[in-house]
Amino acid sequence: MREFDYRRAADVPGAVALLGAGPEARYLGGGTNLVDLMKSGVERPALLVDVRELPLDRIEETDGGGLRIGATVTNSDLAAHPEVRRRYPALAQAVLAGASGQLRNMATLGGNLLQRTRCAYFTDVTKPCNKRAPGSGCPAVAGEHRNHAILGASAHCVAVHPSDMGVALAAFDAVVHYETADGPGALPLAEFYLPVGDTPHRETALPPGALITGVTLPPAPVAAASRYRKVRERASYAFAIGSLAAALDVRDGAVHDVRLAFGAVASRPWRARTAERALLGGPATAEAFAAAADAELAAAEPLPGNGYKVTLIRNLVVAVLTELAEECRRNEEATR
Amino acid sequence: MTTTTTGTVPVTGAVGTAHTRVEGRDKVTGAARYAAEVPLAGLAHGWLVVSTIARGRIRALDPAPVRAMPGVLAVLHHGNAQPLESDYVGPMGPADPALQLFQHDRVPYAGWPVALVVAETSEQAREAAEALVVEYDEEPHDVAFAAGRPEAYVPAGNPRSPAEQGKGDLAAGLAASAVVVDEEYTTPEEHHHPMEPHTATAYWENGRLEVIDANQGSAYVAQELARLFALDPSAVRVRSEHVGGGFGSKGARAPQVAAAMAATVLHRPVRVVLTRRQMFSLTGYRSPTIQRVRLGADPDGRLRALDHEGLNQTSTVHEFVERSADVARAMYDAEAHHTVSRVLRLDVPTPTWMRAPGEAPGSFALECALDELAERCGLDPIAVRARNEPEVGPLSGLPYSSRRLLTCFEEGARRFGWADRDPRPGVRREGRWLLGTGTAAASFPTLAGPSTAAVTAEADGGYTVRITAADIGTGARTALALVAADALEVAPDRIRVRIGDSDFGQAMLAGGSAGTRSWAWAVTLAARALREQLALGGTIPPQGITVRSDTAEALAALPPRERHAFGAQFAEVAVDVATGEVRVRRMLGIFAAGRIVNPLTARSQLVGGMIWGLSMALHEEAVRDERWGGHVGADLAGYHVAANADVPLVEADWVDDPDEQDPVGIKGIGEVGIVGAAAAVANAVWHATGVRHRHLPIRPDRVLTAGAGDRG
């Protein structure tokens, strides 16, 4: 590991000033991803600015029933918060589906959004990787890509974003807030991650030196009936091979509102707006759910070794929406 | 504790009762020091640099820029390393080329050690090692393990157990069979990955090479080092007090050799620790296997023909044979019986022994094939096994020392609820899950190696046992205390057991499930002789009274027998065919493994083996990228082992398995627990879904792609 400087920031402007705009400086949250990457030589920062002590560790209610979540809120605190569990249960479930208890105690919201792909070529500095070393090539396309992207990828990079939390945030229209030396800014999650194209090393639309200060979740009554399902190669402590955040409101058999986002299928959490549009106003049946999934997955471009993900996501959509529809039906009956 | 003199009321019965580990408190409080934690004045740290190419030569390696980095003390490489002896036959056979560090410029596989950077701190050593530029002349490499390659060959094996063995006319036997199973099964490359990485610290003291190590046999490692460095055997001492797991990987490896080389150059202690990533190429692994099993049987399930052909890979520099076909020689008879384990040489590291070498992958293929035979005969899987229970060794003709396999199945079936099982596949549903149960047989040879021990009656009334045993987490230290206590007829708390020091003399290593059997034998002989000597009366001098033993003669006098531990494995699984998820719900293993010394740690060994079988069935797989010849995802995020949440109710127990003819009565329990476990899980997945999965691991994508209900 390369030697580096370490500074602890006292406040947000101080953190932004400490970091400057240097390409060799990184903010340090829980360090659960960055420190690993420093050990493996993928990240070689000259300076770490520790932002963990910043006063960004609150979860506050916003007008109309939304939430504002500070950037240094730990995954554990986020998942345990009663209003998160009540208003956005899929978010709490997604967070709890990730990592381990020890890691969730360390990991932060801001760091989670910025975590890097777990593509094994990216984390092995002896191999080419366009994301790590632009222009060196992507060995995954013709190599080991069982857990790589089926949507929105390019020939330059087929890596997937590893976050569970981000999938739920995408489903609920989260907005990311940040601070720069020039003042604050905000990006909807849908615009936060950049398309892969031929620049897979450019991952977010954050301005240089920006510090994520928090995320706001707009009010979303449908989110109260939401679920996160994660499929992985063992029961715990593994990244998803496919996941789904879903929320559904069915009234008199018709879809009144729906949210769908997929994980582990693209370079970013994949909001399935095509599927949502296909479902709105239509019948809440397994056939309709399958047709909506197919509509979204029509854009899929699976590689030779990951075509199973198309089937997996389709099956997850049908299974989870069927469960949610059944719960809506029972709730409707109970309130009659 | 009182320090009564000997001759009071004899105490026996320690063996067979549960005792917590004698070093357990030290381990959980951190007082126990593992090899990389032992403090030493003037300690320097070595970091290995390994090749990034899979075949070729080192063209240029310039240590000068790295030598100038902070704290760097030395860079050892093929241009400056001391010569090592290579023309010898060591305790484990011909010299292992993987121990010939920095002796030439050839690179035979990816991850081959090309240099050692030594620095004042491990951080400095690592940074410098990563900065070292090595240029290669790369040559085309070949890591494509596949069936049908003409270069595969039948290894010479050894006279007592040839790699190929058979009897009868296989073609005729198959042709005359009403039912034939002919299937290919594969297992992937698997790695040991003990929690404690491999590490060694070496220094010279009073003309002796001292090594603080984490190994499975300090006497063996000391002998290997003495040979390599052309030292008198008495000039090498290897100690290995606590070991955080070994599973076959902790023999003589690069760290001991590298540390000894650097300590010799620098005249100060040097420690070498491997990273998890380095362990993938430097500590051995279980070869992938491709196995073809052909079973021919009468309609009643009685075997007429049995053919088991296994293939494994090895390196271009050293032969290792994964004897996956051997298991059939102990398990089932048929008029026509053929078993062969072939080898394919590739540009890969040499595989090695890994928990139940041969039996673990071999039993997956054979016990799945038996299940398929039962299905095609319309018989219960246990009934098929009972129908093929041999009287004597199918090929040796020797009687079994004891074979209580059917007792294991009877007891297991009773406790698992097997009698209520509906044999039809794919018909049990619980929510999104399809449920199924499966079973398989297990066996592992009962081995022993010559060992010496010393038992001392101390003047304070205690006893000290000294033996170069290894406790790699098995509870061996505790087991030997119980064995010594019974032989001396005293309470176990009066016994001190000192192990893991090559100065205690030659002893079997912790391998082949033979450690406790071999060491207990030696300890018993010495302790009994000491007890007899003490019974003559007299006082104990300050230095105590020591009696030594050597089991070599007793071992040689053992009559030839088929000696094996046996077991019956049961598993229940739930499969969601819409997502491909497979969850094991419960496992039960019933074993017949001779005398059980310490039920507490024995159960832990058996359960540990079964969990590894679950992990082998569903998770473990090291992937090579053929373009570079090395691994993809060489860490524990990429190489999945079962997590706690994957391991439900796992229960192990045993039946009485006495053998009055055996002087020790102990069989091995370290390995039999994994044997058959993966097959039981795979057979349960078939019972749940109706789909046979013949390729491990049974990953979600494989289950999803295979679907359900296809009974073909």
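**Figure 1. Helix 5 of chain A in the predicted model.** Helix 5 of chain A spans residues 89–96. The structure shown here and in the views that follow is a predicted model. Of the 8 residues in this helix, 6 are buried, so the helix is largely enclosed by the rest of the structure. The buried residues are Pro89(A), Ala90(A), Leu91(A), Ala92(A), Ala94(A) and Val95(A). An α-helix has 3.6 residues a turn, so residues three or four places apart point the same way.

Figure 2. Ala225(A) belongs to the loop that lies between strand 8 and strand 9 of chain A; strand 9 covers residues 226–231. With a relative accessible area of 30%, Ala225(A) is partly exposed, because this value falls between the 20% limit for buried residues and the 50% limit for exposed ones. Although 135 residues separate Ala225(A) from Ala90(A) in sequence, their C-alpha atoms are 8.3 Å apart in space. Ala90(A) is one of the buried residues of helix 5 of chain A. When neighbours within four places in sequence are left aside, the contacts of Ala225(A) are Ala246(A), Ala247(A), Leu248(A) and Leu324(A).

**Figure 3. Thr216(A) in strand 8 of chain A.** Strand 8 of chain A runs through residues 211–217 and includes Thr216(A). The relative accessibility of Thr216(A) is 13%, and the residue therefore counts as buried, since the limit is under 20%. The side chain of Thr216(A) makes a polar contact of 2.8 Å with the side chain of His177(A). His177(A) is also among the residues in contact with Thr216(A) once neighbours within four places in sequence are set aside; the others are Leu67(A), Arg68(A), Asp173(A), Ala174(A) and Val175(A).

**Figure 4. Two assigned domains of chain A.** The domain assignment places residues 5–50 of chain A in domain 1 and residues 224–335 in domain 2. The centres of these two domains, taken over C-alpha atoms, are separated by 37 Å.

**Figure 5. An open sheet of three strands in chain B.** In chain B, 3 strands form an open sheet in the order 6-2-8, with antiparallel pairing. Strand 6 (106–107) and strand 8 (134–138) stand at the edges and have a single partner strand each, so one side of each is left without a neighbour in the sheet. Strand 2, made up of residues 56–61, is joined to strand 8 of chain B by 5 bridges. Within this pairing, Leu61(B) has Val134(B) of strand 8 as its bridge partner. Strands of a sheet pair through backbone hydrogen bonds, either parallel or antiparallel.

**Figure 6. The contact between chain B and chain A.** Chain B contributes 32 residues to this contact and chain A contributes 31 residues. The area buried between the two chains is about 2,600 Å², and carbon and sulfur atoms give 57% of it. Arg627(B), Trp628(B) and His640(B) supply 18% of the area that chain B buries against chain A, more than any other three residues.

**Figure 7. Polar and charged pairs between chain B and chain A.** Between chain B and chain A there are 4 salt bridges, together with 8 residue pairs in polar contact. One salt bridge joins the side chains of Asp576(B) and Arg229(A), at 3.7 Å from N to O. On the side of chain B that touches chain A, the elements giving two or more residues are helix 3 (122–131), strand 25 (581–592), strand 27 (631–632) and helix 17 (700–706). Helix 17 of chain B gives the most to that side, with 4 residues.

How values were computed:
Residues numbered from 1 in each chain as written. Chains lettered and ligands numbered in written order. Predicted model: local features only at pLDDT ≥ 70, side-chain atom pairs only at ≥ 80, totals over all residues. Heavy atoms only, no water. Buried < 20%, exposed > 50% of the residue type's maximum accessible area, 1.4 Å probe, protein only. Pairing = 2+ DSSP bridges. Polar contact = N/O pair within 3.5 Å; in protein donor to acceptor, adjacent residues only side chain to side chain. Contact = heavy atoms within 4.5 Å. Domains from an automatic or database assignment. Buried area = accessible area lost by both parts, 1.4 Å probe.
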